[in-house]
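Subject: Structure for your review

Dear colleague,

Please find below the structure that I am handing over to you.

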Amino acid sequence: MFYKNLLAFSLMAASVAHAQEAEPKGAYEIARDTITQIIEQKKKEFAGNPDVMVLDSLMADRKKKIVEIYACSTSIAATDPVEFFITPANSGKDYESLTITWAKPSDIHKALEFIGLKPGHPINFNTNHHWSRGPRVVMKMVRNNQPVRAEQMVVDTETTKPLALTGLIFAGSFTHTDEDGKTHYAADMVDSKAIAPNYNDPVAVLDMPRRLSQAEMYGFQKPNPDHMVKIGTLTTVTLEPGVDADAIQSRDLKIEMSLTDGKPTYVLHDADKPAAAVGALPHLVESVSKLADGKTDLFTTVSIAPDVPVNDVRKLYALLMTLEQDRGVKIDPPADAELFHRAFFPQESWRNRVDRLGEPWELFLTRTDGKIVAKLERQVEVYEADKKIELQKFDAKTPDEFVKAVNDNQSQWSKAIFIYPPADLTYGELMSWARPVLATYPRVFVFTSEPATTQPATQPQGG
C-alpha cells in the first residue's frame, strides 16, 4: 500500500522533532535539510527508472499515478485565515498557508503531466472565464502515515464544517513573457506564486472548482483545529487523479437562441450529439437540468440571433444562472465581441449616480419614429476652487461617433459603460452600439427596462 511506503519519511520526521522544539525559528531550515536528504535517496533509488521522476522536493510515479510533494507545516494558527493548502517556501505567504514546499510550481505542473494529466485553463477575469477547467485532482496531506483530504484541513467559519470534498482542478498556470522575450511559468514568479489556493486564482497550478474570489473567502476559512501540528512538521502532499465520485467529467453545451413567430425558441447542442430543438424557455431549462447529473461540468456557451429582444436575452441568462454551480452549468464566455452574460445583471443601485464608484459613461438609447436615438453623458467631479459635479454631454448620433467620443475622452475614472436600452430593443441593435467599443471598454453593463433580480455583475473598477 502506498502510504506504508511513507514510513521512512515519517521516521525522518520524528528524528528532527526534538531539534524543532529546541529551535522553532529554524524549523523550516531543519525540514528543508531533511527533505533534501529524502530527495537524494529517491534519486539513487529510482535512477534509470523511466516511470519515476524525481525533482527538488517532489516525486512522480506514472504507473501508480501519484505525485508526492515533500513539504512541512507552517506557523499558521487555528484562528488565522487560510488562503492556501500549499504554497512555495519563497512566496512569503507561509503565514496563511497550511504547508510550504521547496518544489517549484512549474515542476508540480510537469509532474502532473508526467502521470498523464492534461491541464485545462485557469480562471481569467479579463476574458470572462469565471470557471477554471481541467481534470479533477485529489489532494491529501500525509503525516505519520495518516492521509487526510486537503478539504478536511480547512473549516468554513459560517457552517463550522470542513470544506466539501470537491477535489481540485488541474487548470495550470499561464505563461508570462518578460521584456527580454523570455517565457516564464507565471506561478513561479507572479505574486502569490500560488500552487493550490482555496480561492480562485488565475495564477494557480491547482484551482478550486467552485467560484469564490479571494475577497469573498478571506476570513471565512480557518485551519481545522483537529489537524493542527507544530511548525516544521514534515508532510507529504499527494496528488492523484480523481476516481469514482471524484472523477468529474467536462462536457460542452451550446445554446442557440432565435425568434420564431415573434417568440424566443432554442436549439441545444450537447457535445457531439445531433442538435435538438427544445422549443420554449421552460423546455430548455428542463433539458439542461436533466444533463446536470452532479457528475459533470456543463461548460455552456450561448449564441443569440440579432432579432431577439434584449429583455428576453436577460430572461434566458437569469434562468441559466440559477443552474450555475460546480458539477452543473458553468457559463463560458460567448464568441469574441459579444457581451458576457453578467453584463445584463448590473447592481441596480448603480442607476443612481450618487451610489457609484468612478465616473462611468452612460449611453441612453431610445426609439423615435422607428429609429434609435442616442444620448451620451458622463457625470464627473471637477476641481477648481472647490469640488463640483459636472454633467458632460457628447455627440453620439451613430455608433462611430459614440466610439470616438469615449476613446477621445478617456479617463482613469471612466472604465465602464452603462447602456440604457428601450424595452423593445433587439440584441442586434444593442450590439451595433456595444460591439465596436468592447475592445477598449470591456466593462459594458446593460440596464434593461426590467430590473435585474439575480446575481449582480462584478463591481466596475474605476467606473
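The notes below begin with confidence and then turn to strands and a helix.

The model is predicted, and the mean pLDDT of the protein is 91. Of its residues, 92% reach a pLDDT of 70 or more. Over residues 6-24, however, the pLDDT is below 50, and this stretch has 26 contacts in the model beyond near neighbours in sequence. Residues 452-463 also have a pLDDT under 50; for them the model has 48 contacts beyond four places in sequence.

I turn next to strand S25. Strand S22 (residues 361-368) runs parallel to S25 and is joined to it by 4 bridges. Within this pairing, Glu 362 has Phe 418 as its bridge partner. Together with helix H10 (residues 427-434), S25 and S26 make a right-handed β-α-β unit.

Another part of the model holds an open sheet of 3 strands in the order S9-S8-S15, with antiparallel pairing. Strand S9 (161-162) and strand S15 (221-223) stand at the edges and have a single partner strand each, so one side of each is left without a neighbour in the sheet. Strand S8 (residues 154-156) pairs with S15 over 3 bridges; in S15, Lys 222 is the bridge partner of Val 155. As a general point, strands of a sheet pair through backbone hydrogen bonds, either parallel or antiparallel.

Finally, which residues of helix H7 (residues 281-291) are buried? They are Leu 281, Leu 284, Val 285, Val 288 and Leu 291. Seen down the axis of H7, its buried residues fall within an arc of 120°, so they line one face of the helix. The face turned away from this buried side carries Pro 282 and Lys 290, which are exposed. The buried residues of H7 pack against several elements, including strand S17 (249-260), strand S20 (296-304) and helix H8 (310-322).

Yours sincerely,
A colleague

Terms used. Residues are numbered from 1 along each chain as its sequence is written. This is a predicted model: local features need pLDDT of at least 70, side-chain atom pairs count only at pLDDT 80 or more; totals for chains, interfaces and linings use all residues. Side-chain values use heavy atoms; hydrogens and water are left out. Two strands pair if DSSP finds at least two bridges between them. Helices (H or I, at least four residues) and strands (E, at least two) are DSSP runs, numbered from the N terminus. pLDDT is the predictor's confidence in each residue, from 0 to 100. Contact means heavy atoms within 4.5 Å. A crossover is right-handed if, with the strands pointing away from the viewer, the path from the first strand over the helix to the second runs clockwise. Buried means under 20% relative accessible area, exposed over 50%, partly exposed in between (1.4 Å probe, protein chains only). The arc is that of the directions from the helix axis to the C-beta atoms.
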